[in-house]
Amino acid sequence: MTRTLTPSDERFHALLRTFEGRPAATAGRAKDVVNEPMIRHWCEAMGDSNPNYTGPDAIAPPTMLQAWTMGGLSGHTDRSSAYDELFELLDGAGCTSVVATDCEQEYLRPLRPGDTVTFDAVIESVSPRKTTKLGTGHFVTTRMDVRANGEPAGTHRFRILKYAPAARPQTAGPETARPQTAPQRPRRPRPVINRDNQGFWDGVREHRLLIQRCTACRTLRFPWLPGCNACSSPEWDTVEASGAGTVYSYVVMHHPPFPAFDPPYAVALVELAEGVRIIGNITGVPYDKVRIGLPVHLEFLRVDDTLELPVFRGGAG
Ligand code: ZN
């Protein structure tokens, strides 16, 4: 869908651009100094056993940069009004939805236990109107400069899309003409396919569950990633999963009910025979009979005309 920008779009963008350079947070101060318990929790959650993050000379994982600046449930009191004003403007223009799109980090100095973290954040740029699959809106990029004991430690750039949601594709005609009876059942969300995971979805189309394998150190990885967490090599090939696995953990979804899903249903973290884990629905077993350790085997579920998903049938062999 393309649309030519009009002079009013350009005027609106010029107004949005007056926010560029305005502070989003000034003289922010981390609620905790860099500390070993938070480092350990992070490493456990990430499954990162890098020895640099433990012991007397430990540094914090660089990717924790933003974690030290987060306000937690109670937030920070030093938040500037510029961000709120910008959001109000965008809301007023119909861009009422928001999605985080990406972040970039740059590391200038390692963070060590005991370091005091301070930061400033600035609204760096607001893009012209863009149309994406989600809808039409503006990308807002915020740059946070992080310091440790007053020295530059890194930067964290965070980008969101503030947008007006696109009309649902199954809607015939304008929103107001939508029939009042027998609403069409919403479709399951589509997977986001990008250059990093394209090969996985190509495999699904051929009814093959492909696991990435690092060609340098042979470590298997799932979900698909651009590089190896074990040795950092970007080179990889794939192995096809046998389809055998066991339920490693699971949840049963009751509430909130999402359109296109029929709760209750079980979603499991399945450990494949190859050792990696994948999230999927469990079929063939009542939701209340799913258990940790349940043997499962891979199937492909045709959800609708354009979506097929790997799922796991319980009670295998
Ligand atoms: Zn590797």
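**Backbone and zinc site**

Asparagine 149 sits in the loop that links β5 (135-148) to β6 (151-165); strands here are DSSP E runs of at least two residues, helices are H or I runs of at least four, and both are numbered from the N terminus. The model is predicted, so local features need pLDDT of at least 70 and side-chain atom pairs pLDDT 80 or more, while totals for chains, interfaces and linings use all residues. Residues are numbered from 1 along each chain as its sequence is written, and side-chain values use heavy atoms, without hydrogens and water.

Asparagine 149 has a positive phi, near 50°, and is not a glycine. Most residues other than glycine have a negative phi. Asparagine 149 is partly exposed at 44% relative accessible area, where buried is under 20%, exposed over 50% and partly exposed in between, with a 1.4 Å probe and protein chains only.

Histidine 207, in the loop between α4 (198-205) and β7 (210-214), also has a positive phi, near 60°.

Now the metal. Which residues are the protein donors of the zinc ion? They are Cys214, Cys217, Cys228 and Cys231, each through SG, at 2.3 to 2.4 Å. Donors are N, O and S atoms within 2.8 Å of the metal, or 3.2 Å for Na, K and Ca; water is not among the atoms, so sites may look incomplete. Cysteine 214 is buried at 0% relative accessibility, whereas cysteine 217 is partly exposed at 31%.

Last, a cis peptide bond joins phenylalanine 222 and proline 223, with omega about 0°. Proline 223 is in the loop between β8 (220-221) and β9 (236-240).
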